[in-house]
Amino acid sequence: FTVLSSSVNGNVAMVHYKRGDVVEPGALLVSMKTESAKLEIRSLEADLAKARALRAQVEAERAFFDSELNDRAATAKSAVQRLQEEFSVLNERLVIAKRNVERNNALQSQNVVARQLVEESQDKQLAVTTELRVLQSNITIAERKLLEIRGQRAKDTVFRSRLSVIDQDIEGIAILVERAQQRLKDMHLYSPMHAVVSEVHVDPGSYVEDGDPMILLHDPSS
């Protein structure tokens, strides 16, 4: 004899065989009311879809943040490089200006050039020196800005943390969906073998709990 019991709690919707009937392997013996189980699955699947949509949104925000940050960092880095190139050019101009001052001073001491020319070369040297100081200040500001932008990459940790929490929620809901789907399957009782129905312990509308016997089968060849 084989006793088939319920593995879930619920109400019996239909008993498909009666005592003395012959059943084949896989025959549906008892169906339980599945409305609440189906509703639970739909609700969980809606929660799962919502969590996945939220993850996609956060992932999109993260991608946009990374893209924007990379663009800003590239622009700031280019600005630093451009200022450094200008600084290098001005340094070369300063070297030339100093040489002109030295040469004109030497020529003026020999009364070869006028004092005015010496003063003009000194003015040029002073102007280039002033430009260099301003440019050096701008480079410092630009480098600080680049460091600040790069420092904002720490915000990516926030995105990763949010995604980790969402992934845990998705995993938890997915497990609940699987359990609900399995419960729905368990609300249909099938014959595991070729047998004869010996006893039927439930009627349509009966409430059964996990472990309650529903049908007794026996092997007619035994």
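Phe159 counts as buried because its relative accessibility is 7% (buried means under 20% relative accessible area, exposed over 50% and partly exposed in between, with a 1.4 Å probe and protein chains only). Keep in mind that this is a predicted model, where local features need pLDDT of at least 70, side-chain atom pairs count only at pLDDT 80 or more, and totals for chains, interfaces and linings use all residues. Residues are numbered from 1 along each chain as its sequence is written, and side-chain values use heavy atoms, with hydrogens and water left out.

**Phe159 and its ring partner**

- Phe159 forms an aromatic pair with Phe65, and the pair is tilted, at 5.6 Å centre to centre with 40° between the planes.
- For the cut-offs, rings of Phe, Tyr and Trp (its six-membered ring) pair if their centres lie within 6.5 Å; planes under 30 degrees apart are stacked, over 60 edge-to-face, and the rest tilted.
- By this rule, the count is one aromatic pair.
- Phe65 sits in helix 1 and Phe159 in helix 3, so the pair ties together parts 94 residues apart in sequence.
- Phe65 counts as buried too, because its relative accessibility is 11%.

**Helix 3**

- Helices (H or I, at least four residues) and strands (E, at least two) are DSSP runs, numbered from the N terminus.
- How does the span of helix 3 check out? At 1.5 Å a residue, its 32 residues should span 46 Å, and the end C-alpha atoms are 47 Å apart, which agrees.
- That expected span is 1.5 Å times one less than the number of residues.
- Among the buried residues of helix 3 are Asp156, Phe159, Leu163, Ile166 and Ile170.
- An α-helix has 3.6 residues a turn, so residues three or four places apart point the same way.
- The cover over the buried residues of helix 3 includes helix 1 and strand 5.

**The nonpolar core**

- A nonpolar core is a set of buried Ala, Val, Leu, Ile, Met, Phe, Trp, Tyr and Cys residues joined through side-chain atoms within 4.5 Å.
- The largest one here has 46 residues, and Val23, Leu29, Val30 and Leu217 have the most contacts inside it.
- Elements giving two or more residues to this core include helix 2 (115-151), strand 4 (28-32) and strand 6 (195-200).
- Helix 1 gives the largest share of this core, 14 residues.
- Contact means heavy atoms within 4.5 Å, and beyond its neighbours within four places in sequence, Leu217 is in contact with residues including Phe1, Val23, Leu29 and Val197.

**Strands**

- Two strands pair if DSSP finds at least two bridges between them.
- Which strands make up the open sheet? Four strands do, in the order 5-4-2-7 with antiparallel pairing.
- Strand 5 (188-190) and strand 7 (207-208) are the edge strands, each pairing on one side only.
- Strand 2 (residues 10-15) joins strand 7 over two antiparallel bridges, and Asn11 has Tyr207 as its bridge partner.
- Strand 8 pairs in the antiparallel sense with strand 1 (residues 2-5) over four bridges, and with strand 6 over four bridges in the antiparallel sense.
- Leu217 turns up again here, as the bridge partner of Val197.

**Ser6 in its loop**

- Ser6 has its place in the loop between strand 1 and strand 2.
- Ser6 counts as buried because its relative accessibility is 5%.
- Leaving aside neighbours within four places in sequence, Ser6 is in contact with residues including Met32, Val208 and Met214.
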